[in-house]
Amino acid sequence: MIAALVLIALVGGWEALVRLGGVDPLLLPAPTQVLEALWEDRSLLAPDLWTTTYEVVLGLAAATAAGAALGVAMHLSPALRRALRPLVIGSQAVPVPVIAPLVILVLGFGLAPKVLLVALVCFFPITINLYDGLRAADPDARRLLRSLQASRWQSLRLVEAPAALPSAFTGLKVAAAVAVIGAVFAEWAGAERGLGRVLITANGQLATARAFAATLLLFLLAIALYGACALLERRVVDWIPRTEPGGP
Amino acid sequence: MQSEAGVELDAVDKGYGAVQALRGVSLRVAPGEIVALVGPSGCGKSTLLELVCGLGAPDSGTVRAGAAALMPQRDALLPWLTALDNAGLALRVAGVGRAAARVRAHEHFAAFGLEGFEHARPAALSGGMRQRVAFLRTLLAGRPVLCLDEPFGALDALTRLQMQRWLAGALAREPRTVLLVTHDVEEAVLLADRVVLLSPRPGRVVETLDVLLPRPRERDDVAVVELRERALRVLGADDAGALGRELAPAARAGAPARDEAAPGS
């Protein structure tokens with residue numbers, strides 16, 4: 001409710017600024033012009049939206065699989081933890097626009113480099129949050145399992161993994177929100193389709209309204225992904241009472 | 001050898017770094033006996049239970065004990081599991097399937113006053129119910145020795161009294177060898193066959209009191225009150241000493257004091 005009001009106020013202010021303030025629509029199109037572009041180019045934008053969504057979802061899935069494996073491996077093995085932690089952290093310092101062309105060069109113009117770059121952007125929050133969650137499991141419960149002579153695997157399955165779920169979902173939601181950035185950079189470096197490519201060509205043609213329309217779609221895509229992850233979290237992590245009167 | 005179901009500690013020393021938790025502790029618990037360990041915060045009571053449960057080895061001395069099940073200080077229930085699944089956790093670890101563990105845990109739910117709460121998560125249970133689930137989990141581990149670490153330390157005074165009475169009944173129905181760690185001298189006298197009094201850190205056995213009273217015991221029985229006061233005197237509760245200041249309020253008021261001072265205690 002509040003979110004809707006804030007949005008209306010922001011968009012209304014923006015519209016007024018452009019219409020009344022005499023801003024050049026080539027620099028900043030009014031919201032109504034963006035919506036107009038979105039509607040007019042809908043048949044053009046739909047396949048691009050689909051392509052980018054596909055890349056982002058696959059990349060997020062790959063990052064989740066890799067992040068889960070890494071997080072658990074780092075949790076179980078101190079040697080792996082020491083060996084991998086600098087790499088995992090360092091991976092976030094790699095500027096995606098710089099390596100994107102290299103990845104495209106090696107893997108070609110297809111789907112693979114996009115999925116890889118999305119995964120590169122996403123796997124860090126997933127790995128680190130999962131790892132922290134595994135470590136934060138109740139020490140009393142772990143001691144209890146040890147007193148029952150539980151195996152390492154049983155302790156992981158019965159105590160640590162469920163205890164890590166809330167934290168792991170936080171990582172997943174962060175990843176979902178930033179995933180589209182990876183896809184856009186990958187498409188800039190070389191793609192036949194996708195909202196990132198729309199952005200590049202629209203900028204080249206000074207079709208600012210269309211560029212904003214594509215950005216709006218990216219914005220909505222990120223929110224939808226985040227929402228899907230939050231929904232999944234509510235279904236899976238159902239033992240934590242939530243105090244959210246009135247909904248999101 | 002009695003260590004099939006009993007516990008034998010012989011001249012046990014245990015420290016953590018610079019902290020000496022236990023010094024020269026010798027203790028014998030016969031099979032089926034209930035022994036209470038009473039002492040001030042940080043006297044190494046929890047450390048002693050850990051040694052009995054095989055969670056650590058003594059620095060010197062020997063620990064021989066039958067297979068022991070631990071009930072940790074805080075109930076350590078898993079918040080994502082239902083009461084039924086929490087109670088059956090030890091069975092699951094022992095390799096029993098989920099459905100079979102539920103059936104076996106459920107057999108005890110009526111006797112434990114948990115009927116109707118089978119599918120409740122710990123957050124929806126009262127403090128007393130949580131302790132009963134934790135105790136059932138400990139029982140279902142099927143070990144001859146139970147190590148109860150301040151089972152009622154976190155409960156309010158009234159619930160605590162009810163739970164002490166309930167535990168006495170439960171142990172009468174299902175006799176086990178029990179090591180009960182507590183702050184509460186009265187609780188020790190009500191429940192145990194013997195009360196072992198420990199000194200402040202490093203923990204040593206100061207005195208052992210035999211509680212040769214018939215059961216069920218009431219807290220206002222003259223003999224119970226007498227023993228309680230004697231134990232408090234031994235622990236120095238009447239002195240203005242450090243030990244007295246520390247122990248007396250917790251023991252008398254039944255305050256939810258906990259043993260958090262020492263690492264591993």
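Visitor: Which residue takes a positive phi just after α9(A)?

Guide: Most residues other than glycine have a negative phi, and most peptide bonds are trans. Here Leu206(A), which follows directly on α9(A), takes a positive phi of about 55°. Helices and strands are DSSP runs numbered from the N terminus (helices are H or I with at least four residues, strands are E with at least two). The model is predicted: local features need pLDDT of at least 70 and side-chain atom pairs count only at pLDDT 80 or more, while totals for chains, interfaces and linings use all residues. Residues are numbered from 1 along each chain as its sequence is written, and chains are lettered from A and ligands numbered from 1 in the order in which they are written.

Visitor: Which residues of α9(A) are buried, and against what do they pack?

Guide: A residue is buried if 20 or more other C-beta atoms lie within 10 Å of its own, exposed if 12 or fewer, and partly exposed in between, with C-beta atoms placed from the backbone. In α9 (residues 195–204) of chain A, the buried residues are Leu195(A), Gly196(A), Arg197(A), Val198(A), Leu199(A) and Ala202(A). They pack against α3 (42–76), α8 and α10 (208–236) of chain A.

Visitor: Where is Gln149(A) found, and is Gln149(A) buried or exposed?

Guide: Gln149(A) sits in the loop between α7 and α8 of chain A, and its phi, near 60°, is positive although the residue is not a glycine. Gln149(A) is exposed because 12 other C-beta atoms lie within 10 Å. In chain B, Ala11(B) likewise has a positive phi, about 45°, without being a glycine. Ala11(B) belongs to strand β1 (residues 7–16) of chain B and counts as exposed, with 12 other C-beta atoms within 10 Å.

Visitor: Which peptide bonds are cis, and what is omega there?

Guide: One cis bond joins Arg201(B) and Pro202(B), with omega about -5°; Pro202(B) lies in the loop between β8 (194–198) and β9 (205–210) of chain B. Another runs from Arg215(B) to Pro216(B), with omega near -5°. Pro216(B) is placed in the loop between β9 and α8 (222–234) of chain B.

Visitor: Where in α6(A) does a kink lie?

Guide: The bend at a residue is the angle between axes fitted to the seven residues ending there and the seven starting there. In α6(A), a kink of about 40° lies at Cys122(A), shortly before the proline Pro125(A). The helix covers residues 111–135, has 25 residues, and reaches 35 Å from its first C-alpha to its last, close to the 36 Å expected at 1.5 Å a residue. That expected span is 1.5 Å times one less than the number of residues. Helix α6(A) is mostly covered, with 21 of its 25 residues buried.

Visitor: How many helices and strands does chain A have, and how many does chain B have?

Guide: Chain A has ten helices and zero strands, and its C-alpha atoms fill a box of roughly 75 × 50 × 30 Å along the principal axes. Of its 248 residues, 36% count as buried. Chain B has nine helices and nine strands, and buried residues make up 48% of its 265 residues.

Visitor: How many residues of each chain does the contact take?

Guide: Two residues are in contact if their C-beta atoms, placed from the backbone, lie within 7 Å. The contact takes 16 residues from chain A and 16 residues from chain B. On the side of chain A that touches chain B, α7 (139–147) and α8 (152–189) each supply at least two residues.

Visitor: How is chain B divided into domains?

Guide: An automatic or database domain assignment supplies the bounds: domain 1 (1–67 + 144–265) and domain 2 (82–142). Nine residues of domain 1 of chain B are in contact with six residues of domain 2 of chain B. Helix α6 (residues 157–173) of chain B gives the largest share of the domain 1 side, three residues.
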